[in-house]
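Look over the sequence and the model below before reading the notes.

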Amino acid sequence: MSSKAVVTKSNRKGRAKRKVNLIRLHTAMNKLASDANDKEIVKRFKILIDTSDEDLSKARVDEILKTPQKVEINSFHESLQPYVKHFLFLAKKNSK
C-alpha cells in the first residue's frame, strides 16, 4: 500500500502547469464553433494546449478576444498561428 502512495506522489510532481490563457482562448473558440469542422479544429487546439510547454500572456489573449480585427497573426508562434487565425475567422463569421 505504501508503494502505491509513493507512485501517486511522484505523479503529482511531474504534472504539467495549467496554461490558463490558452484555455481561455480555447473556451472562447469553443463557444463560437458551430459546425463539425470548427469542433474538430477546437479539439486539435486542446491537444496542442495539453502538449505545449508555454502559455500566452494575458495581454495577448485579451487582445485576441477584445479586438480581433487588430491582431497580427505573424506575431504568434508558428504552432499557434492556424488556431488564432481560425478564431479570428469564427469571430468575423459570428459578428455578421
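Leaving aside residues up to four places away in sequence, H86 touches M29, D38 and I41. The model in which these contacts are found is a predicted one. H86 itself has its place in helix α5, which covers residues 81–95.

**Burial of H86**
- H86 has a relative accessibility of 12%.
- Buried means under 20% relative accessible area, so H86 counts as buried.

**The chain as a whole**
- The protein chain contains 5 helices and 0 strands.
- Read from the N terminus, its elements follow the order α-α-α-α-α.
- Of the 96 residues in the protein chain, 28% are buried.
- Take the contacts between residues at least 6 apart in sequence: 60% of them join residues at least 24 apart.

**The surface**

**The largest pocket**
- The volume of the largest pocket is about 230 Å³.
- This pocket is lined by 14 residues, and the closest to its centre are S52, E54, H77, S79 and L80.
- By type, the lining of the largest pocket consists of 5 nonpolar, 5 polar and 4 charged residues.
- As a general point, empty space left between atoms is shown by rolling a probe the size of a water molecule over them.

Note on methods: Residues numbered from 1 in each chain as written. Predicted model: local features only at pLDDT ≥ 70, side-chain atom pairs only at ≥ 80, totals over all residues. Heavy atoms only, no water. 1 Å grid on protein atoms, 1.4 Å probe; cavity = no way out; pocket = protein on both sides within 12 Å on 5 of 7 lines; lining within 4 Å. Points joined across faces, edges and corners; volume = space filled by probe spheres on them. Nonpolar A, V, L, I, M, F, W, Y, C, P; charged D, E, K, R; others polar. Helix = DSSP H or I, 4+ residues; strand = E, 2+ residues; numbered from the N terminus. Buried < 20%, exposed > 50% of the residue type's maximum accessible area, 1.4 Å probe, protein only. Contact = heavy atoms within 4.5 Å.
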